[in-house]
Amino acid sequence: MFQTPREVIIGGRGNTKRIVIGGKQPVTIQTMWKEGITDVYNDSNALNSIIDRIRELQLLGCDILRFAVPDENSAKSLIALSSLTDMPLVADIHFDYRLALQCAKGNISVIRINPGNIGERSRVEQVVQACKDNNIAIRIGVNTGSLPKDLEEKVLNNTISRAEALSETAAREVAVFDELNFSQVVVSMKASSVKETIDANECFAQKYSVPLHIGVTEAGPLIGGIVKSTLAFSTLLNEGIGSTIRVSLSSSPTNEVIAGREILRECNKREGGVQIVSCPRCGRLGFDVHGFIDRWQTELLSMKKNITVAVMGCVVNGPGEGKHADLGITGTGEKAIIFKKGKVIRTVDAKDADNAFREEIELF
Ligand code: SF4
């Protein structure tokens, strides 16, 4: 019913990791950098600090990272970053095809640009040629706010749905690249409604084999955004639609990546890594579950270990409910208790909880 997406190669030049998306390849996770990079191209401290943060995102499971490139200096910064990391980077460009040509000179893996925004045909041809010459993929992104006039009118006349218009808009953009014999294209169609996102992606995937980057745009703050993205992604991923995902949140890239990996795990699209199970906490608590999770979540999820960790609020229910976990921690107030598969292996003063936990997890 839905087309198998063709494969598109992301990265692979220089030191950059090579990722294949589409086909039967694992679904990849993306996020977007949330700060401007205009001023960092000649500031090695600033560049190195970004590289450190990119490494953290990589450890968490981020496969591809996108940067907005609104001006020439941002392009210079992105090119500088691309020589310092093996993370495949995406240059997000609106309107100015010259920025795309500039970025293509660096080690950029994907250019996000829409032919409809670039203007005359010769400009599109130049961008495509630069991408062909440098093995750069192109991501086309269309959203409900920027439909072509004729399609918007059809939507207003109820001739077609907004989702169908979105799919048709993407198909028109892809057709331009087909004419130029360029197939390394990924499409994203975004609406802020879950239903429109699902419908548009289903509509497109019935007809075309172009890999889809799925996302709900303007999904909202942390909780609302994760709810919307989970609903949309789980439906699409379970239908086999979606080669790469981004959970778009009014929150940090770290939270976007964590949300993405949890969705993929629950949809059986990604395995391995540390899985955290934890209790919500209640009046029986003898251990500060929330504080421990806040301190440890990012570090645990960045570990290259395939284990389940339980963080439970009390000894009454903690070890029992966490008995399937490889390692768990709970407490009685003054004491912290560490357990494995439900069996207590260590009791320490509460103040030593983190150190004892670290010693135990390092044994895995
Ligand atoms: Fe409450 Fe204990 Fe259950 Fe946590 S494990 S929710 S503290 S009873």
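**Exercise 1. Is Trp33 buried or exposed?**

Solution. This is a predicted model. Trp33 has a relative accessibility of 6%. Buried means under 20%. Trp33 therefore counts as buried.

**Exercise 2. How do the rings of Trp33 and Phe67 pair, and what does the pair tie together?**

Solution. 
- Step 1. Start with the total: the model holds seven aromatic pairs.
- Step 2. In the pair of Trp33 and Phe67, the centres are 5.5 Å apart, and the planes make an angle of 25°.
- Step 3. Planes under 30 degrees apart count as stacked. The pair is therefore stacked.
- Step 4. Place the residues. Trp33 sits in the loop between strand 3 (28-32) and helix 1 (44-60), while Phe67 belongs to strand 4 (residues 64-68). The two parts are 34 residues apart in sequence, so the pair ties them together.
- Step 5. Check Phe67. Its relative accessible area is 1%, so Phe67 is buried.

**Exercise 3. Classify the pair of Trp296 and Phe357.**

Solution. 
- Step 1. The ring centres of Trp296 and Phe357 lie 4.8 Å apart, with the planes at 80°.
- Step 2. Over 60 degrees counts as edge-to-face. The pair is therefore edge-to-face.
- Step 3. Trp296 is in helix 11 (residues 289-302) and Phe357 is in helix 13 (residues 353-361). They are 61 residues apart, and the pair links distant parts of the chain.
- Step 4. Trp296 has 2% relative accessibility, so it counts as buried. Phe357, at 0%, is buried as well.

**Exercise 4. Which residues cover the two faces of strand 8?**

Solution. 
- Step 1. Strand 8 spans residues 185-190, and six of its six residues are buried.
- Step 2. In a regular strand, side chains alternate between the two faces of the sheet.
- Step 3. Sort the residues by side. Val185, Val187 and Met189 are on one side. Val186, Ser188 and Lys190 are on the other.
- Step 4. Residues on both sides are buried, and both faces are covered.

**Exercise 5. Which strands pair with strand 8, and in what sense?**

Solution. 
- Step 1. Strand 7 (residues 137-143) pairs with strand 8 in the parallel sense, over six bridges. Here Ile138 stands opposite Val185.
- Step 2. Strand 9 (residues 212-214) also pairs with strand 8 in the parallel sense, over two bridges. Ser188 has His213 in strand 9 as its bridge partner.
- Step 3. Strand 8, helix 8 (residues 194-207) and strand 9 form a right-handed β-α-β unit.

Terms used:
Residues are numbered from 1 along each chain as its sequence is written. This is a predicted model: local features need pLDDT of at least 70, side-chain atom pairs count only at pLDDT 80 or more; totals for chains, interfaces and linings use all residues. Side-chain values use heavy atoms; hydrogens and water are left out. Rings of Phe, Tyr and Trp (its six-membered ring) pair if their centres lie within 6.5 Å; planes under 30 degrees apart count as stacked, over 60 as edge-to-face and the rest as tilted. Helices (H or I, at least four residues) and strands (E, at least two) are DSSP runs, numbered from the N terminus. Buried means under 20% relative accessible area, exposed over 50%, partly exposed in between (1.4 Å probe, protein chains only). Two strands pair if DSSP finds at least two bridges between them. A crossover is right-handed if, with the strands pointing away from the viewer, the path from the first strand over the helix to the second runs clockwise.
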